[in-house]
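Welcome! Take a look at it first, and then we can go through it topic by topic.

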Amino acid sequence: IVAPSTAQHQSTTGAGMALAPPPPVSLTYQIHNPTPDASADGHPQTKTVTADLLVAADGGNSTVRRMLGMPVTGSGYGRRAVTCTVKVDRGRGGMRKTAYQRFMKSGPMALLPVWSFNENNRNGEDQLEEYEYANIVWSTTPSHATHLQSLSEEDFLAAMNDVMQSGPANTQSIFPQELTESILPNLPGPLAPLSAPLTGIAKGIDHLARGANDGLTMSRWSESKPFQLPPLITSVVGPRLAFDLSTSQAQSYVAPRVALVGDAAHTVHPMAGQGLNLGLGDVESLARHYQTAQESGMDFGGTMHFLNQYNTERRAEVSAVLGGIHTLHEFFATKFEPAVYVRSLGMNLVNALGPIRRHLAEVAAGRRGAVTSKR
């Protein structure tokens with residue numbers, strides 16, 4: 001039970017009515033493993049804590065947010081993510097602190113580095129075996145997610161490696177196949193004489209465009225810096241879990257003496273791996289404003305001034321990232337050939353233009369804000 005503070009508290013002074021800071025917020029919770037001295041009447045044992053500031057970091061289904069009646073807006077993507085921890089082969093150097101992501105028509109599959117360690121070989125204490133682990137997040141359709149969960153470990157490993165080990169695909173045609181194979185070659189009536197030249201022009205444009213994009217792709221590779229395949233996945237560690245993909249955001253991240261952070265404030269599609277970074281950004285911003293209040297000798301939660309600053313800063317930043325991720329999702333979900341070509345060309349241009357690539361990498365890593373500057 002969360003007892004919210006009163007936003008406007010009044011006290012009587014010689015000059016009349018004046019606003020006073022809201023009282024501390026209180027949180028009452030049930031102890032699931034009560035001590036032997038729990039009440040003898042059989043009622044669950046509870047505990048109440050009070051604080052000048054309650055930071056709710058209790059996940060996407062935040063109990064604190066729900067009990068305070070803080071509204072949320074959002075929508076689902078009609079996709080599910082299958083996730084698990086895997087062990088990877090170090091024959092190619094392992095993960096090398098690199099995250100890999102493969103984009104497919106049904107959704108992306110990500111291979112994310114987790115940790116590595118050495119362990120004594122069971123056949124000899126003087127020989128060490130080095131293990132490296134990664135997390136898989138495979139976003140796909142609900143039916144395919146159910147299929148992936150039903151596979152044997154051997155078949156699931158084969159499916160994951162089949163996706164991650166396939167090299168770069170050739171650029172797709174920028175025109176629908178029906179246009180160049182059926183429509184243009186068979187123009188009706190007076191347009192018939194134009195069929196052959198228009199078909200030739202369309203195929204020529206298609207050939208040049210695809211060649212330019214493939215050339216731009218390969219221009220980033222060299223003998224010293226070849227295309228780098230992800231490591232092979234050798235085994236699955238632990239269960240395969242699945243969850244529905246959605247995006248949501250609290251209409252406000254704050255209430256009197258309460259601040260939402262992380263998934264309690266917003267949830268995102270895992271496509272760009274930004275959920276953790278956005279949560280860390282929330283914590284950094286909240287801590288920075290808290291420090292400002294402390295250095296000013298003020299009670300951080302005693303006024304909405306600092307909480308509102310945090311709310312404005314983070315909602316602007318998160319809204320920009322949510323919008324960008326949603327645009328990426330829709331762009332990668334399209335099957336319209338010209339849009340697919342523009343998408344591929346755009347990704348290659350970003351990869352080729354160092355300053356833009358580095359800027360986006362810093363934003364994705366949380367070192368630079370999408371709309372706000374890091375202080």
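Rings of Phe, Tyr and Trp (its six-membered ring) count as a pair if their centres lie within 6.5 Å; planes under 30 degrees apart are called stacked, over 60 edge-to-face, and the rest tilted. By this rule, there are three aromatic pairs here. Please keep in mind that you are looking at a predicted model.

**Aromatic pairs**

- Tyr 290 and Phe 300 make a tilted pair, with 5.3 Å from centre to centre and 50 degrees between the planes.
- This pair links distant parts of the chain, ten residues apart: Tyr 290 sits in helix H6, while Phe 300 belongs to the loop between H6 and H7.
- Together, Tyr 290, Phe 300 and Phe 306 form one aromatic cluster.

**Nonpolar cores**

- In soluble globular proteins, nonpolar side chains tend to be buried together.
- The largest nonpolar core in this model has 27 residues, and those with the most contacts inside it are Val 64, Tyr 253, Val 258, Leu 260, Leu 286, Phe 300 and Tyr 310.
- At least two residues of this core come from each of these elements: strand E6 (54-56), strand E12 (254-255), strand E13 (258-260), helix H6 (275-295) and helix H7 (304-333).
- H7 gives the largest share of this core, with seven residues.
- Another core, of 22 residues, lies apart from it and includes Val 82, Ala 134, Ile 136 and Val 236.
- Leaving aside residues up to four places away in sequence, Tyr 310 touches Tyr 253, Val 254, Ala 259, Leu 260, Val 261, Asp 282, Ser 285, Leu 286 and His 289.

**Helices H7 and H8**

- How do two packed helices get described? The angle between their axes and the distance between the axes are used.
- For H7 and helix H8 (residues 337-352), the axes come within 9 Å and cross at roughly 125 degrees, so the two helices are oblique to each other.
- On the H7 side, Phe 331, Phe 332 and Ala 333 make the contact, and they meet Ala 339, Val 342, Arg 343 and Met 347 of H8.
- Sorted by class, this contact of H7 with H8 has six nonpolar residues, no polar ones and one charged residue.

Methods
Residues numbered from 1 in each chain as written. Predicted model: local features only at pLDDT ≥ 70, side-chain atom pairs only at ≥ 80, totals over all residues. Heavy atoms only, no water. Core = buried A, V, L, I, M, F, W, Y, C linked by side-chain atoms within 4.5 Å. Buried < 20%, exposed > 50% of the residue type's maximum accessible area, 1.4 Å probe, protein only. Helix = DSSP H or I, 4+ residues; strand = E, 2+ residues; numbered from the N terminus. Contact = heavy atoms within 4.5 Å. Axes fitted to C-alpha atoms, helices over the stretch in contact; angles between N-to-C directions. Parallel < 35°, antiparallel > 145°, perpendicular 65-115°, else oblique. Nonpolar A, V, L, I, M, F, W, Y, C, P; charged D, E, K, R; others polar.
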